[in-house]
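Please open the model in your viewer and keep the sequence beside it.

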Amino acid sequence: MSVKAVVISQIQQIRENTKRDFPPLTDDLVLLNSGLDSLAIAILVTRLEDALGLDPFTEFDEASPPVTLGEFIRFYENAAKSSTVDSQPAV
Amino acid sequence: MRMLPNRLPSIRNRLCNASGSRNRFLRNAAATVSMGDLVRGTSLGGRLPELSGRSVLLTTRDQLAAALALIELDGVASRLIICPPDLPLEHLPSLMARGAVDAIVSDQGPGGPLQVICNLDILPAREEPAEFHLTEWVLLTSGTTGAPKMLIHDVRTLTAAIDSSQNQETDVVWGTFYDIRRFGGLQILLRAALGRGSLVLSSPGESVGDYLLRLGALGVTHISGTPSHWRRALMSPQAHAIAPRCIRLSGEIADQAILNSLRSFYPQAAIAHAFASTEAGVAFEVNDGLEGFPASVVGTPGEVAIKIKDDSLRIRSARTALRYVDGGDEALADKEGFIDTGDIVELRGDRYYFLGRRNGVINVGGLKVYPEEVEAVINRHPAVQIAVVRSRRNSITGSLVSADVVLKGGSDTSSANTQIADFKREILQICQASLAAHKVPATIRCVPMLELAAAGKLARHRA
């Protein structure tokens with residue numbers, strides 16, 4: 001499964017537990033308006049750590065944090081790429 | 001000026017004597033109240049004298065209504081029990097009995113013994129109470145059993161840290177992501193009222209983004225919150241709406257990542273993280289932009305005495321809570337007057353760093369969770385043999401609740417995966433039905449057995 005598919009599926013699982021209407025998951029959707037409050041985003045980050053083996057927020061330091069869903073997915077995709085690069089043997 | 005019996009002025013007296021109160025305000029999304037009106041007026045419909053000497057339960061939907069009532073009632077009520085916004089209703093009867101409540105102040109409908117409505121309309125006060133009391137301010141925090149602990153402060157313990165740090169800035173506008181009915185937010189209300197500032201509060205149901213926009217429009221200069229509040233604010237597109245001069249973090253471990261993020265996001269702001277808790281009061285503030293605190297803080301004589309014993313941070317000062325309302329089965333302080341914060345620290349070089357909590361208490365975004373309370377709820381599921389609840393590190397809220405569960409009959413491997421998934425879902429449903437959202441486990445694992453520590457207790461710390 002792609003990083004994007006894992007992120008979308010985890011968000012859907014968390015949203016299933018709350019009985020409310022949610023906006024569709026588009027790239028420009030602001031994460032805090034996606035029906036996930038900060039606790040739900042924290043849970044999402046933990047479940048993604050279990051599913052993908054990475055938590056880019058622990059590395060996160062200087063730059064602006066992701067605000068939209070598209071930025072959030074790219075944040076994870078970039079972290080996944082750099083962790084693959086890191087684990088490759090030096091040539 | 002009328003004085004309290006020990007010759008301390010009440011919060012309202014001090015507001016009365018401060019200059020420029022006409023231009024200072026408290027406001028939420030819907031209303032603005034001038035502090036000048038507040039010192040001459042009443043938010044209680046003129047019924048303040050009826051509340052003289054009473055033990056008052058303050059329960060409001062709107063935190064601004066609570067703020068106005070608190071300022072009016074200090075020095076008048078004998079005791080003020082401040083209900084936080086998410087207090088489960090089932091706790092009210094026992095809180096009223098434990099606190100010997102004989103009056104309720106609320107912004108909602110009638111009920112209870114003597115009910116006084118507080119609201120945002122300030123009427124001229126015709127009659128002032130004749131007697132003055134050193135009001136007990138009762139703040140609620142989580143307890144192991146789920147029943148809130150009731151901690152007593154008074155105007156001296158609550159304002160000691162403010163009095164000694166008071167500066168003369170006159171154009172301060174405070175904002176806080178805390179609710180003023182919790183210790184962290186109450187400190188900001190008192191700083192605004194007793195300093196020379198104003199305060200902008202969030203309204204019930206207002207989103208972080210909308211609150212940030214209002215803070216920006218009103219030119220907020222000082223903002224406080226937990227590291228989790230700040231991580232959430234930085235994820236909001238409206239984070240750019242504010243340009244504070246001072247940023248304050250407390251209530252949780254402030255790690256280097258959030259301190260660095262704030263510094264790069266708000267380069268103009270002075271950033272301080274403070275150690276404070278409902279029990280220990282405001283202890284100290286760190287201003288060098290680094291996580292942890294300098295070792296020189298420990299053992300230095302001053303208003304706040306700090307020592308490390310058995311790896312945990314202990315604090316003695318005139319700012320700590322005085323006692324529990326009902327004594328409780330635990331003493332608040334040791335024989336020398338030190339309060340054990342339960343926060344484990346480690347000395348590396350010339351700095352102490354926070355490692356976590358001693359008794360397994362989990363700090364989810366500044367809110368305490370006792371593992372025992374969650375374990376008791378999980379154990380209600382008939383298939384559960386035993387459960388252990390631990391803290392799991394989280395880069396958004398600092399920590400989250402995680403549960404390891406042993407199913408009856410050692411059925412973890414023999415049970416079908418679908419059945420385990422069903423059990424997990426049912427356990428989650430039980431937790432969601434009886435626990436506040438931050439106490440519900442974020443992850444549940446079914447494991448064959450649990451590790452026991454040497455004394456035969458469940459091992460809560462994961463290596």
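**First stop: a helix in chain A**

Select α1(A), where A:Ala5, A:Ser9, A:Gln12, A:Gln13 and A:Glu16 are exposed on one side, exposed meaning that 12 or fewer other C-beta atoms, placed from the backbone, lie within 10 Å of a residue's own, whereas 20 or more make it buried and counts in between make it partly exposed. This is a predicted model, in which local features need pLDDT of at least 70 and side-chain atom pairs count only at 80 or more, while totals for chains, interfaces and linings use all residues. Residues are numbered from 1 along each chain as its sequence is written, and chains are lettered from A and ligands numbered from 1 in the order in which they are written.

Now select A:Val3, A:Val7 and A:Ile11, which are buried; they lie on the same side of α1(A) because they cover an arc of only 65° around the axis, an arc taken from the directions from the helix axis to the C-beta atoms. An α-helix has 3.6 residues a turn, so residues three or four places apart point the same way.

**Second stop: strands in chain B**

Move to strand β10 (residues 149–153) of chain B, where 4 of the 5 residues are buried; helices (H or I, at least four residues) and strands (E, at least two) are DSSP runs, numbered from the N terminus. Strand β9 (residues 136–141) of chain B runs antiparallel to β10(B), joined by 5 bridges, and pairing requires that DSSP finds at least two bridges. Here B:Val138 stands opposite B:Ile152. Finally, select B:Leu151, which stands opposite B:Tyr324 in β20(B).
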